[in-house]
Amino acid sequence: MAERAARRCCLGWDFSTQQVKVVAVDAELSVFYEDSVQFDRDLVEFGTQGGVHVHKDGLTVTSPVLMWVQALDIILEKMKASGFDFSQVLALSGAGQQHGSVYWKTGASQVLTSLSPDLPLREQLQACFSISNCPVWMDSSTAAQCRQLEAAVGGAQALSRLTGSRAYERFTGNQIAKIYQQNPEAYSHTERISLVSSFAASLFLGSYSPVDYSDGSGMNLLQIQDKVWSQACLGACAPRLEEKLGRPVPSCSVVGPISSYFVQRYGFPPGCKVVAFTGDNPASLAGMRLEEGDIAVSLGTSDTLFLWLQEPTPALEGHIFCNPVDPQHYMALLCFKNGSLMREKIRDESASGSWSEFSKALQSTEMGNGGNLGFYFDVMEITPEIIGRHRFSAENREVSAFPREVEIRALIEGQFMAKKIHAEALGYRVMPKTKILATGGASHNRDILQRWGAVSSFSPRKPALYSSHGEQVQSYTQ
């Protein structure tokens with residue numbers, strides 16, 4: 001009995017852009033099982049590249065909903081073949097790529113509640129979707145619908161105050177509006193609209209799972225203060241939309257027990273709880289165990305900031321979501337497109353392609369860079385919308401070039417100062433126990449991290465900086 005108790009676990013699922021992944025976590029929070037299905041590699045019949053189909057217009061990007069269903073079938077069968085003991089699963093939850101949406105056809109709910117354990121999900125659900133190729137976060141084909149939504153509520157800033165973001169092409173409300181306008185028959189035959197997260201939870205529930213507050217914040221439809229759908233936004237997007245979305249719920253909600261289909265086919269216990277799935281960005285905040293005042297920075301191809309906020313100030317740049325851990329608080333997300341690719345370009349141009357030389361340049365220059373400052377955007381930036389390289393001397397004159405050591409420090413300090421300024425504009429404040437958690441490729445470079453910590457410490461209260469491995473790179477706590 002002690003051995004069986006030790007194997008009791010929870011499952012975490014990730015329905016991401018390129019794969020479906022599962023991990024099993026025991027009572028000590030140790031991962032003892034994981035597996036994945038890669039769409040391009042394992043489901044070649046769907047013909048995706050990077051898990052998606054990019055349409056001829058270059059703007060429309062979709063994924064086949066049945067590909068996600070079949071991936072779940074495959075991974076569960078792999079677990080069963082490996083001898084995984086489903087009877088020890090106490091609960092499951094997961095995340096889905098944020099901003100993707102799924103359209104259930106009229107009558108699909110009856111199919112979900114009466115699934116036969118003798119057949120895989122793909123065979124039984126293939127006629128359950130009014131839209132077979134679902135819009136995902138990479139889609140940027142809804143510019144017209146975005147402008148219509150902003151106009152309906154009094155402008156971009158008004159929409160941001162209401163829903164946490166100005167209108168974005170990938171956000172679900174605008175995607176729904178496009179489907180209603182261009183394919184009204186499919187919309188009329190849709191009885192439920194899910195996000196990828198609530199769609200995945202619905203498969204396990206055997207009924208429609210509600211949208212959670214955090215993922216729902218990425219739709220341009222949810223009033224983030226009141227946690228209810230905005231009637232003005234719903235009306236601007238499509239008719240009868242509230243009934244197709246259902247009522248949103250807190251992200252930590254237990255939405256029900258697992259479907260009898262999984263009990264009979266795989267041996268899950270009938271009491272296995274399904275906890276609301278959320279978006280991948282809110283899941284990152286929860287998974288990194290951020291607390292109030294903390295900040296996580298992912299230094300990857302693009303740089304992304306996750307912030308825990310108590311009193312947000314929604315703006316035209318960045319996003320405010322409901323907090324997945326504490327429904328009374330909020331999270332902010334800022335994305336900077338010119339991240340590691342920009343750092344690598346300056347490394348190649350000013351440090352002979354060597355990170356070692358790059359670090360030596362940082363070490364040889366003083367904090368503040370003698371008043372020289374640079375902003376580097378080789379591709380159109382998201383936050384803010386700007387392109388080009390802009391260098392300013394200590395006399396506040398724009399110059400065409402810097403010496404190589406000055407250039408390197410100007411890049412790093414400029415990138416991190418921009419992050420700090422935009423974070424504070426959204427309501428972020430350093431708290432007495434603030435931690436900065438850095439992850440992503442550049443987090444392995446201690447010299448880059450120390451510059452980030454130094455820029456972040458321009459405050460009466462100074463944070464402690466941790467690398468992705470939990471190592472305290474530098475403490476600024478007074």
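These are my notebook entries on a predicted model of one protein chain.

**Ground rules.** I number residues from 1 along each chain as its sequence is written. Local features need pLDDT of at least 70, side-chain atom pairs count only at pLDDT 80 or more, totals for chains, interfaces and linings use all residues, and side-chain values use heavy atoms, with hydrogens and water left out.

**Overall build.** I looked up the secondary structure and got 19 helices and 24 strands (DSSP runs numbered from the N terminus: helices are H or I with at least four residues, strands are E with at least two). The radius of gyration is 24 Å, close to the 23 Å of the globule rule for 478 residues, so the chain is as compact as a globular protein of that length. That radius is taken over C-alpha atoms, and the rule is 2.2 Å times the number of residues to the power 0.38. Along the principal axes, the C-alpha atoms fill a box of roughly 70 × 60 × 40 Å.

**Inside and contacts.** I checked burial next: 54% of the 478 residues count as buried, meaning under 20% relative accessible area with a 1.4 Å probe, protein chains only. Taking contacts (heavy atoms within 4.5 Å) between residues at least 6 apart in sequence, I found that 67% join residues at least 24 apart.

I then went to strands S2 (residues 19-26) and S3 (residues 31-38), which pair in the antiparallel sense over 7 bridges; pairing takes at least two DSSP bridges. Gln-19 stands opposite Gln-38 in S3. S2 and S3 form a hairpin with 4 residues between them, and Leu-29 in the turn has a positive phi of about 65°.

How values were computed. Buried < 20%, exposed > 50% of the residue type's maximum accessible area, 1.4 Å probe, protein only.
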